[in-house]
Amino acid sequence: MNYRVLGKSGIAVSELCLGTMTFGNTTNEQDSIEMVHRFLDRGGNFIDTADVYVSGVSEEIVGKAIRERRSDVILATKVRFPTGNNVNHVGLSRKHILDGVEASLRRLGTDYIDLYQMHVWDQITPIEETLRTLDDLVTSGKVRYIGCSNFLAYQLMKSLSISDFNRYARFISIQPQYSLVCRTMDREVLPLCLEENVGVLPWAPLGGGFLTGRYVRGQEPTEGRLASKTGESRWEIRNTEKNFRILDELISVAHETDKTPAQVALNWLIHKPGITSPIFGARTLEQFEENMGAVDWKLDDSLWQRLDDVSALEYEYPTRFIDKFSRKV
């Protein structure tokens with residue numbers, strides 16, 4: 001397992017991050033804890049959860065799993081989504097953040113969180129209030145670093161500017177959806193992260209399972225995340241001709257490298273410039289082992305480029321206009 005510095009910080013994280021959304025849901029507690037231990041034993045040190053995963057059960061299981069190895073782990077969790085029926089049990093207000101961090105600390109069985117992330121932008125709370133509250137948490141020691149998730153480019157840049165102006169703690173990472181079949185952040189978010197030294201922690205790196213190679217044209221799935229009618233990885237979104245062209249190329253590269261499509265898709269992402277640590281999840285120990293096979297090797301440059309080319313966004317305005325008039329000295 002290799003390591004990368006996380007954004008503009010001094011901490012190193014493993015090139016894969018273990019996501020725990022399945023813990024206590026499709027993965028029982030015993031297997032969840034076993035996944036964590038296997039991950040740590042093989043050099044992984046970065047674990048991601050959230051206060052709303054299975055109504056906090058995921059955090060509880062993670063806490064049990066790392067209890068004897070807390071100092072070896074970079075532990076990340078999130079706040080923002082509803083945690084109760086009260087009108088103030090949601091958002092990024094000072095109240096909800098402070099209530100949320102205390103509840104997460106109790107469930108995780110720890111006295112600090114390494115990376116506390118804002119799960120999505122809050123249209124009601126002024127970002128100044130959010131950032132001041134997060135700065136207080138960093139100063140108190142309950143939180144070591146802060147990050148965001150699912151922010152637009154302007155929202156991230158506005159947050160960074162306010163933090164810099166007020167000398168508040170700064171977001172060191174963003175957690176966006178990113179994979180071979182979802183590269184929309186290439187337009188503005190990824191260039192911004194490269195410019196501002198913000199770590200990128202992609203979620204759904206396998207497109208909700210689409211990039212495992214188990215799906216075929218014209219056959220709508222009846223189970224799993226792709227069968228969802230509301231999720232970001234539902235069949236309605238993934239079932240496009242471009243995505244199947246990407247999948248065809250992925251399967252071809254997998255055959256040429258004697259790897260699985262999932263391992264190749266993760267390896268492509270691990271070596272994508274600007275990406276820090278993709279967040280992978282698994283329902284079973286078998287899936288976990290397969291995904292862990294994405295590290296300790298690297299795609300040949302020509303194979304990596306084939307995947308990059310077939311999945312690239314259209315060359316569109318304003319990028320093509322800016323490139324047309326770019327200056328060289």
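A nonpolar core here is a set of buried Ala, Val, Leu, Ile, Met, Phe, Trp, Tyr and Cys residues joined through side-chain atoms within 4.5 Å, where buried means under 20% relative accessible area with a 1.4 Å probe, counting protein chains only. The model is predicted, so local features need pLDDT of at least 70 and side-chain atom pairs pLDDT 80 or more, while totals for chains, interfaces and linings use all residues. Residues are numbered from 1 along each chain as its sequence is written, and side-chain values use heavy atoms, leaving out hydrogens and water.

**View 1. The nonpolar cores.** The largest core has 84 residues, and Y116, M118 and F171 touch the most other members. Helix α9 (residues 261–270) gives this core its largest share, seven residues. Helices (H or I, at least four residues) and strands (E, at least two) are DSSP runs, numbered from the N terminus. A second, separate core has eleven residues, including L6, V13, C17 and I279.

**View 2. The surroundings of F171.** Leaving aside residues up to four places away in sequence, F171 has contacts (heavy atoms within 4.5 Å) with M118, L131, L134 and I146, among others. I146 also stands opposite F171 in β8.

**View 3. Strand β8 and its partners.** In β8 (residues 171–175), five of five residues are buried. Strands pair if DSSP finds at least two bridges between them. β8 runs parallel to β7 (residues 143–149), joined by three bridges, and pairs in the parallel sense with β9 (residues 199–200) over two bridges. On the β9 side, I174 has V200 as its bridge partner.

Note on methods. Buried < 20%, exposed > 50% of the residue type's maximum accessible area, 1.4 Å probe, protein only.
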